[in-house]
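Please work through the exercises below with the sequence and the 3D view side by side. Try each task before reading its solution.

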Amino acid sequence: MKHSIPTAIIVAMTTCVVQAAIPADIDRVFRTYTAIPDTLVPVLEKATSRESADSAAPELRVELITLYKNRSELENIQSLSPAVKAEVLKKYEMDMRRSWGKVYEQIFRLQKVQCYGSVNFYREFQTLCMMLNK
């Protein structure tokens, strides 16, 4: 009895796109960047009055340190191969859009209310906006 592989399977095997593995260090940087809003958004949400914004300012400063370190790591990534770039986008793009969209909602809210007149919060907030505009 002759065993043969169906033509459709042969075509699928030969045209299969090989997925590139995301290097562990690159994966960690993008995972961290995607997770930052999980702690940043609650801090921004705390600012609902001058007093609450004043008390949230030190917490925002701590978040900025984390963001700065992660942004530095992102900037140190020289280049990604097209295959790795495609995998990074596939894995992180939607989560990044969703999570960072929440950050921008808070930014727009706080801009509209001018950080409730809190000078301390405004300083940290301006630093956040500057870092995100880079």
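The exercises that follow treat helices, a contact between helices, aromatic pairs and a loop.

This is a predicted model, in which local features need pLDDT of at least 70 and side-chain atom pairs count only at pLDDT 80 or more, while totals for chains, interfaces and linings use all residues. Residues are numbered from 1 along each chain as its sequence is written, and side-chain values use heavy atoms, with hydrogens and water left out.

**Exercise 1.** Do the same for helix 3, and find what covers its buried residues.

Solution. Helix 3 runs over residues 50-75, and its 26 residues should span 38 Å, which agrees with the 35 Å between its end C-alpha atoms. A kink of about 40° is found at Ala-57, shortly before the proline Pro-58. Buried means under 20% relative accessible area, exposed over 50%, and partly exposed in between, with a 1.4 Å probe and protein chains only. Among the buried residues of helix 3 are Ala-57, Leu-60, Leu-64 and Leu-67. Their cover includes helix 2 (24-46), helix 4 (82-112) and helix 5 (119-133).

**Exercise 2.** How do helix 2 and helix 3 run relative to each other, and which residues make the contact?

Solution. Axes are lines fitted to C-alpha atoms, for helices over the stretch in contact, with angles from 0 to 180 degrees between N-to-C directions. The two axes come within 9 Å and cross at roughly 170°. Angles under 35 degrees count as roughly parallel, over 145 as roughly antiparallel, 65 to 115 as roughly perpendicular and the rest as oblique; helix 2 and helix 3 are therefore roughly antiparallel. The contact (heavy atoms within 4.5 Å) includes Tyr-33, Ile-36 and Leu-40 of helix 2, and Leu-60, Glu-63 and Leu-67 of helix 3.

**Exercise 3.** Describe the pairs Tyr-33 with Trp-100 and Phe-121 with Phe-125.

Solution. Rings of Phe, Tyr and Trp (its six-membered ring) pair if their centres lie within 6.5 Å; planes under 30 degrees apart count as stacked, over 60 as edge-to-face and the rest as tilted. The structure holds 4 aromatic pairs. One of them, Tyr-33 with Trp-100, is stacked, with 4.8 Å centre to centre and 20° between the planes. This pair links distant parts of the chain, since Tyr-33 is in helix 2 and Trp-100 in helix 4, 67 residues apart. Both Tyr-33 and Trp-100 are buried. Phe-121 and Phe-125 are also stacked, at 6.3 Å centre to centre and 20° between the planes. These two residues lie in helix 5, 4 residues apart, about one turn of the helix, and both are buried.

**Exercise 4.** Are Cys-115 and Tyr-116 buried or partly exposed?

Solution. Cys-115 is found in the loop between helix 4 and helix 5, and Tyr-116 lies in that loop too. Cys-115 has a positive phi of about 55° although it is not a glycine, and Tyr-116, likewise not a glycine, has a positive phi of about 55°. Cys-115 is buried, with a relative accessible area of 1%, whereas Tyr-116 is partly exposed at 26%.

Technical notes
Expected span 1.5 Å × (residues − 1). Bend = angle between axes of the 7 residues up to and from the residue.
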